[in-house]
Amino acid sequence: QVQLVESGGGLVQAGGSLRLSCEASGRTFSNYAMGWFRQAPGKEREFVATISWRGISTDYADSVKGRFTISRDNAKKTVHLHMNSLKPEDTALYYCAQSRWPYTIVVARTATRNDFGSWGQGTQVTVSS
């Protein structure tokens, strides 16, 4: 099992930036793809970004493409989500997730919650207008 702990959320004005972090402990980190999802009040949890196990491949939801960047440091067992040009509609609880199986390639076009088997508790991001 892996434990995932997110941090870095907060309140920011529209146009601002935040960097979310996710620290993993437990089973091997470097063999698994990682992802970020978000859930706004009253809405379904939606895919945001994913990165392959070696960090070579990344993919993003259309709504964040060009504004968000996902990265990982396998030596430190961490994954980050750099968020720029934030909009009020980015307000949500952001979750870090690990792929259900090792050596998995997740693509934005078909990504679902079922691709990921381990989840953190989430960190709140609020963007004011």
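Is Cys 96 buried or exposed? I started my notebook with that one. Cys 96 is buried, as its relative accessible area is 0%. A reminder to myself before going on: this is a predicted model.

**Entry 1: the disulfide**

I looked for sulfur pairs next and found a count of one disulfide. It joins Cys 22 to Cys 96, with 2.1 Å from S to S. I read -75° about the S-S bond, and this link of Cys 22 and Cys 96 is left-handed. The pair ties together distant parts of the chain: Cys 22 belongs to strand β3 and Cys 96 to strand β9, 74 residues apart.

**Entry 2: the core**

Which residues touch the most other members of the largest nonpolar core? I noted Trp 36, Leu 81, Met 83 and Tyr 94, in a core of 35 residues. Among the elements that give two or more residues to this core are β1 (2-7), β3 (18-26), β7 (68-73) and β11 (123-128). Strands β4, β5, β8 and β9 are on that list as well.

Val 48 is in strand β5, and its relative accessibility of 1% is why it counts as buried. Leaving aside neighbours within four places in sequence, its contacts include Trp 36, Phe 37, Arg 38, Tyr 60, Val 64, Leu 81 and Tyr 94.

**Entry 3: aromatic rings**

How many aromatic pairs does the structure hold? I have six written down. One of them is Phe 37 with Phe 47, edge-to-face, at 5.7 Å centre to centre and 80° between the planes. Phe 37 sits in strand β4 (residues 34-39) and Phe 47 in strand β5 (residues 46-51), ten residues apart. Both Phe 37 and Phe 47 are buried.

Trp 53 and Tyr 103 have ring centres 5.4 Å apart and planes at 85°, so I logged this pair as edge-to-face. Here loops are linked: Trp 53 lies between β5 and β6 (58-60), Tyr 103 between β9 and β10 (116-119), and the two are 50 residues apart. Trp 53 counts as buried because its relative accessibility is 19%, and the cut-off is under 20%.

I also found a cluster, in which ring pairs link Phe 37, Phe 47, Tyr 95, Phe 116 and Trp 119. Two of its rings have an arginine over them. The charged end of Arg 45 sits over the ring of Tyr 95, 3.6 Å from the centre. Arg 113 lies over the face of Trp 119, 5.7 Å from the ring centre.

**Entry 4: a buried aspartate**

Where is Asp 90 placed? I found it in the loop between β8 (78-83) and β9 (92-99). Asp 90 counts as buried because its relative accessibility is 1%. Beyond its neighbours within four places in sequence, Asp 90 is in contact with Arg 38 and Arg 67, and also with Phe 68, Ser 85, Val 125 and Val 127.

Key. Residues numbered from 1 in each chain as written. Predicted model: local features only at pLDDT ≥ 70, side-chain atom pairs only at ≥ 80, totals over all residues. Heavy atoms only, no water. Helix = DSSP H or I, 4+ residues; strand = E, 2+ residues; numbered from the N terminus. Buried < 20%, exposed > 50% of the residue type's maximum accessible area, 1.4 Å probe, protein only. Contact = heavy atoms within 4.5 Å. Phe/Tyr/Trp six-rings, centres within 6.5 Å; stacked < 30°, edge-to-face > 60°. Lys NZ or Arg CZ within 6 Å of the ring centre and 35° of its normal. Core = buried A, V, L, I, M, F, W, Y, C linked by side-chain atoms within 4.5 Å. Disulfide = S-S within 2.5 Å.
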